[in-house]
Amino acid sequence: MKTDPAEVRHWTTGAGVGLKLCLSCHKVCAEQTTHCPRCDARVYQRRQNSITRSWALTLTAALLYIPANLLPMMTVSKFEEGQPQTIFSGVIELMNQGMVPIALLVFTASVVVPVLKLLGMVWLLICVRFPRATMHRQQMLYRMIVWIGRWSMLDIFIISLLVGLVQFGKLGTVTAGIGAYAFASVVVTTMLAAMQFDPRLLWDAAEIKKP
Amino acid sequence: MNQNTSAPEPARANIKKRGNLSPVWLLPVVALLIVVWLAWKSVSEAGIVIDVQFQNGRGIKQGKTEVMLNGIAVGKVTDIAMSDDLKSVNVTLEMDRRMSSSLTDKSRFWLVRPQVSVAGISGLDTLVSGNYIAFQPDDSGVKRRKFVALPSPPPLGEQEEGLSLTLRAKELSSIQNGSPVYYRRLKIGEVSSYNLSVDDQYVDVEIFIKPQFAHLVRRNTRFWNAGGVELSGSLTNLKVRTQSIVSIVQGGVSLYTPEWEQEFPEAYQGDVFPLYRDYDEAEAGIAVEIDFPLDVALGQEKTRILFHGKEVGLVRDTQLKDDYSGITANVIIRPDAVNLMVKGARFWLVKPSIGLRGVSGLETLLGGRYINMDVSNKDIRAAIPKRHFEGLASEPPASPSAPGLHLKLRAGSLAGISHGSPVLFRKMQVGSVQSHELTDDGVLIRILVNPAYQHLVNDSSRFWNVSGITLHGGLQGFSIKAGTLNSMLAGGIAFDTPDRTSGKVKNGTDFILYDNSEKAHQFGQRITLIFATAEGLRVGTKIKYKGLVVGHLTDLKLDQQEGHIVADALLGENSGWVAHEGSRFWLVRPKLGLTNTANLETLVTGQYIEVLPGSGQETAAETRFTVEMAVPDDLPLSNGLRLQLVSSQLGSIRRGNPIYYREIPVGTVTGYRLADPASQVLIFINIEERYKSLVTRKSRFWNASGIEVKFGLFSGAQIRTESLEALLAGGISFATPEPGEPVAPGYRFTMAEEPESQWLRWAPAISISQ
Ligand SMILES: [Zn+2]
């Protein structure tokens, strides 16, 4: 039977019909079950304290984002001479040396993505609190945040690679700066924030608004 | 039924509000704390931003160039901008907050760049680390935030705390900025700058001594130019002195504090020292003046003073004396030789000389002349300091106080002996000739016998000359005598000591230097012979008695007052008895004549002196005799009977004519003279010993010379002669009528002109003594 797009808007949630979803193996369970009969994971109707945790982690990430940008990410020293580079100074240096694509890549991965993630998280959390109709966009944003999260580790990956590989004593070494830890913390906390966020809350919020 | 009972209310989940805060909020709190801490830290550690004006911005990089203090970064260039007038560069520095109190108007900034020059490489560290801005803080000034950088690095002394000194040099030589200052070849500082002195007469070299070495500089410290390679000395004694490779190229200054001088206080900041040209000059030990005679040509400089081959000093310069009577050499004696500069020290110039005794001072040909000095231990012990000496043109005799036995030898001539000739004992050198000088009657030779051998000399020692080669030649063969090869060439004196127990001699004792060993060992009696003329005489003319040599002449002299020749003669050890009162000496010379050739052997062996000892051993010994220039007439030959004949005419009688008895020669005519009064002639004859008995008082003598030719009317011509020899040489015959008593010596007969006929018939039976 063909469904009308207008009808699609009218859905029922699992909670509405007394069902739960196991988030591990995606088995639909009865409302009373506390553990998934298939994979024995705990089954919630909605993730507990999801919003609070997300907020806390997002806030943490936002705070850590300040030192991550102000403190040097790494020091590339040649002949014991080298200047600690922050993310931004590194990007500028790459620009100065004419490596615009790499600069853009680094800028995107290190500045744009984390900022967008944080902003997206905040936006989503606000949406949960103040429900709005544009649920499709929120869903897309959430998926993007989750997808993008793995790429925001690019910097850390590069730094850890360089630190491990470039150890030529006095000729040249790369050492990670304290900013790298901060940046790694930002990435991790934003990922955790995105993980803690239960997208089903967006449905609830949309439902509240619908009647 | 309970009315109040209502339908049970649906069970409501008892929803409790969980604790106000989830523990997850700790995370943002922690993050906040971190941020706050970082913020606080960055604010608290934020640098001080200052502006420094540089002449140009070459080598300064924004964000990279650091400000260094003692090798530690204390700031960084954060911005570079041109000044408004486009003539300089404003560099913005972010300085360490801790520097805030040091940023005063006395603080200084300058750019350190690598500088590669002949003087060396400075700022080498900047090659790797890049240029940096040096910062010299000073807390004492007024704080400020705007500075003007120095155009060039300030002198080292001003950069660090240390000792800054001024060295005053006559010329700069190879010294440059940054030339090292060495102490025992360790770099302890460097030359910071140099300049002409105010009066343009000197070069003032500013040096900086690092603080940890400042105590090494005393007020008596000597500085000298250690730059380059210093070649000194001579071919034989080449000295290459250099401090280090660096100093060869960029010059340098060395310093040394004489240890022998008493402790001086440490030098003060800014003290002025002279900078000597080289090490030798700097080690300017003790200035000593030595006066040399004018004819001593001293080398201009670098004439060394040697003490037993060790260099003890150097002639700094020479100058004429004020009155042009000599040359004064200003000598610098090395400090370690100060003790030698005492009263009694002697200096003389050593020149090369080539002679038979070898080449002496050969090293001076290569190494240049040098001045030798000597001083005895005694004088050193006495230690009377002296700073002005009289130099000698040639080597002096050993100092009288030098160890060893000093002796004086008197000789007629040097005969090959020269200064340094060896004194030999059993052909081993035990001493040397120290000097020789002329005296009124010959030469005086001073010798020094080494202390180890001085016991070999005593009263009985005899010295003789062994110089050269002595050739003793004669008909009887010849011998060659030489001391050692050395003494042959260089001359030499030998001695021996026959009596080891004889008395010891003191310094300065006189000895006679004999010409040869024989003379030295003739211990006979010395007599003086007086000759009318020295013709045919020489030293060594033998004195014979009965053909046996009993002595010889040792010296011939002209006695000007008396006008005769005075000869010293030495009689053999056991022949002294020939010289007695009454002894007679005469000269035996070759005689060539028609009828009388005598003493031919003297043509080869030379003339000799015959002696006839005075009769009787008991007569007093005498030492002065007059030598007759011919065989005495009145003396018998060695033995026989001496008789005198009186004749009116000598006729053809000559000395040596035979005396015939029955035409057999039994004696000779030994001489003749006018009798006193001169009415007759005395003829001395000598009858051989064995024929003594033939002569009695009744014997008759007649002249047997010539040919007796008698003419008679009836008897015809009668020719008679004793013998052919008598015919040619003349002779005397005698006859005796009968045996009788022999006559006493000196008995006087009358010689007849011709024999009576009866004499010829006498034929007594006289037995001839055996
Ligand atoms: Zn499950």
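Modeller: Two strands count as paired if DSSP finds at least two bridges between them. Keep that in mind as we look at this predicted model.

Colleague: Happy to! What makes β48 and β52 of chain B a pair?

Modeller: Strand β48 (residues 700-703) and strand β52 (residues 747-752) of chain B are joined over two bridges, in the parallel sense. The definition asks for at least two, so β48(B) and β52(B) qualify as a pair.

Colleague: Which residue is the bridge partner of Phe701(B) in β52(B)?

Modeller: That partner is Met751(B).

Colleague: And in what order do the seven strands of the barrel in chain B close?

Modeller: The order is β44-β47-β46-β45-β51-β48-β52, with mixed pairing. From one strand to the next, the twist averages 35 degrees.

Colleague: Let's turn to the two chains. How many residues does the contact take from chain B and from chain A?

Modeller: Chain B gives 15 residues and chain A gives 16 residues. The area buried between the two chains is about 1,400 Å², and carbon and sulfur atoms give 74% of that.

Colleague: Which helix gives the most to the side of chain B that touches chain A?

Modeller: Helix α1 (residues 26-44) of chain B does, with seven residues. By class, that side of chain B has 10 nonpolar, two polar and three charged residues.

Conventions: Residues numbered from 1 in each chain as written. Chains lettered and ligands numbered in written order. Predicted model: local features only at pLDDT ≥ 70, side-chain atom pairs only at ≥ 80, totals over all residues. Heavy atoms only, no water. Helix = DSSP H or I, 4+ residues; strand = E, 2+ residues; numbered from the N terminus. Axes fitted to C-alpha atoms, helices over the stretch in contact; angles between N-to-C directions. Contact = heavy atoms within 4.5 Å. Buried area = accessible area lost by both parts, 1.4 Å probe. Nonpolar A, V, L, I, M, F, W, Y, C, P; charged D, E, K, R; others polar.
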